[in-house]
Amino acid sequence: MKLVLSFILTTLISLASIAAPAPKPISFKVDPSSSKVEWVAYKLTGQHTGTVNVKTGTLEFNGEKLVAGKLEIDMTALAVTDIQGEWGTKLLNHLKNDDFFSVDKFPSAGLTVKKSENKGAGKYLVTADLTIKGIVKEITFDALINPSAGTATADLKVDRTWFDIKYRSGKFFPEIGDKMIKDEFDLKVSLSFGKGL
């Protein structure tokens, strides 16, 4: 009799655990005013730096684990920070035209988190879709995320030629010499987020 009762009890507990719904992820809003994206682009003779703004964003967590997320980047707010005046304006206008980001045609870029792997101590390996000029490419990058503090930082390395940006690329114009602009550029992303934002 005891064996029968034990079996029934175990079965009921198992069924209850199967029927229990999975916890629903909690969504946090990114605060654009306290978030930033910095970029660094390289050429053979130096580099240029600048910023671009986060327009909107959400991050979803299941407990402490990042399970989804979406950022919209305002390409119209693209800025150059290493040079000012006439040359800074010329560089900015060039970056916005069809040689580079075609901002008039594509005023927004985006990042959609598909999955993440928790490496411990707040470190994650994130897989996401990056959209630039309407072209979507999957990328992976390391991120440091603290849901309790509402902060996330990540360093991304992006190949511009994935997004049909070929201007002075050595890959497509090997004869360009010292006027070559390197294909990879860096993005440093710093986000602030919270449920009450």
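## The enclosed cavity

In this predicted model, the structure holds 1 cavity of 30 Å³ or more, where a cavity is, on a 1 Å grid over the protein atoms alone, a set of points at which a 1.4 Å probe fits but from which the probe cannot get out. The largest cavity has a volume of about 150 Å³, a volume being the space filled by probe spheres set on grid points that are joined across faces, edges and corners. It is lined by 14 residues, of which Leu59, Leu111, Val113, Phe141 and Leu191 are the closest to its centre; lining residues are those with an atom within 4 Å of a point. Two or more lining residues come from each of S4, S5, strand S7 (135-146), S8 and S9.

By residue class, the lining of the largest cavity comprises 13 nonpolar residues, 1 polar residue and no charged ones, with Ala, Val, Leu, Ile, Met, Phe, Trp, Tyr, Cys and Pro counted as nonpolar, Asp, Glu, Lys and Arg as charged, and the others, Gly among them, as polar.

## Basis of the values

Residues are numbered from 1 along each chain as its sequence is written, and side-chain values use heavy atoms, with hydrogens and water left out. For this predicted model, local features need pLDDT of at least 70 and side-chain atom pairs count only at pLDDT 80 or more, whereas totals for chains, interfaces and linings use all residues.

## Chain and core

The chain has 2 helices and 9 strands, arranged along the sequence as α-β-β-β-β-α-β-β-β-β-β; helices (H or I, at least four residues) and strands (E, at least two) are DSSP runs numbered from the N terminus. Of its 197 residues, 34% count as buried, meaning under 20% relative accessible area, with exposed set at over 50% and partly exposed in between (1.4 Å probe, protein chains only).

The largest nonpolar core has 43 residues, and Phe101 and Phe141 have the most contacts inside it; such a core is a set of buried Ala, Val, Leu, Ile, Met, Phe, Trp, Tyr and Cys residues joined through side-chain atoms within 4.5 Å. Beyond its neighbours within four places in sequence, phenylalanine 101 is in contact (heavy atoms within 4.5 Å) with residues including Met75, Leu78, Ile132, Ile165 and Phe185.

## The largest pocket

About 670 Å³ of space lies in the largest pocket, a pocket being an open set of points with protein on both sides within 12 Å along at least five of seven lines. Trp39, Ala41, Leu95, Phe101 and Phe185 are the closest to its centre among the 37 residues that line this pocket. S9 gives the most to the lining, with 6 residues, and the lining as a whole divides into 25 nonpolar, 5 polar and 7 charged residues.

Tyrosine 42, found in strand S2, is partly exposed, with a relative accessible area of 24%.

Threonine 161 lies in the loop between strand S8 (151-159) and S9 and counts as buried because its relative accessibility is 12%. Its side chain makes a polar contact of 2.6 Å with the side chain of aspartate 159, and, leaving aside neighbours within four places in sequence, threonine 161 is in contact with Ser169, Lys171, Phe172 and Asp183.

Key. A polar contact is a pair of N or O atoms within 3.5 Å; within protein, one must be able to donate a hydrogen and the other to accept it, and residues adjacent in sequence count only if both atoms are side-chain atoms.
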